[in-house]
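Here is a short briefing to read alongside the structure.

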Amino acid sequence: MITNLQIKSNLSLDELINDLSQLDTTALQYLISSLQKIKTEKEQESISEQQSFWQFIEKIDWIQNNKQERLKPLVEALKDASVSSINEFSEQLATVLNQLDGPEYYENLKSQANGVSADTFLYARCQVVAKGKTFFEEVLRHPEKMPAEADFEGLLYVAREAYERKTGREYNFIPSFIYESFFNQNLWKEKAIIL
């Protein structure tokens, strides 16, 4: 029997479940079952938030020539949603932009464009996301499809605009991921910017 169990606060649910499953008591089995249920619920919630995010992205009106006009339906839809939906949109946007923040995407953009800065790389990633889930997933799998000369910076500000129009207050939500260029430590490794 294990008498000493150290649980680190940074363990994933899978690691915690695995550690606890080594103990064999009725209470611990109940705890393990409860943690597995929480894990399943969190996964389902995450899928739902991702679906909601892409449904909002579909509101972008590509018929319009002006980028701000293209974003108006998205801003309106977010403004009419709950504050938690606006925050979830910000969280998902930061997540997907972070997923595209890697050297292979940067190098492919750099090879096609006339000069690439941290900002132009970010705005190109915004363009990929704005084009929708299918295009995002295609670029995610095939970095060579990163579009050159793409710029959809306005996508970064839609949640703030929607929130401020909805509440009349300044938007100060901070997502879990930094979407700025060169911050994805998993992809950039030792070249990543660390705060």
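Helices here are DSSP runs of H or I with at least four residues, numbered from the N terminus. Please keep in mind that this is a predicted model. The chain has 9 helices and 0 strands, so its elements are named by helix number, counted from the N terminus.

**Overall build**
- Along the sequence, the pattern reads α-α-α-α-α-α-α-α-α.
- The chain has 195 residues, and 36% of them count as buried.
- Among contacts between residues at least 6 apart in sequence, 66% join residues at least 24 apart.

**The largest nonpolar core**
- This core holds 45 residues, and L74, F89, F121, V129 and L155 touch the most other members.
- Two or more residues each come from α2 (26–57), α3 (67–80), α4 (83–99), α5 (103–112), α6 (118–130), α7 (133–141) and α8 (158–167).
- The largest share, 8 residues, is given by α6.
- Beyond its neighbours within four places in sequence, V129 is in contact with F53, W54, I57, L93, V96, L97, L100, F136 and L155.
- As a general point, nonpolar side chains in soluble globular proteins tend to be buried together.

**Two positive phi angles**
- F182 is not a glycine, yet its phi is positive, at about 75°.
- You will find F182 in the loop between α8 and α9 (185–188), and its relative accessibility of 17% makes it count as buried.
- K189, also not a glycine, has a positive phi of about 55°.
- K189 lies in the segment after α9 and counts as exposed, because its relative accessibility is 53%.

Definitions and conventions:
Residues numbered from 1 in each chain as written. Predicted model: local features only at pLDDT ≥ 70, side-chain atom pairs only at ≥ 80, totals over all residues. Heavy atoms only, no water. Core = buried A, V, L, I, M, F, W, Y, C linked by side-chain atoms within 4.5 Å. Buried < 20%, exposed > 50% of the residue type's maximum accessible area, 1.4 Å probe, protein only. Contact = heavy atoms within 4.5 Å.
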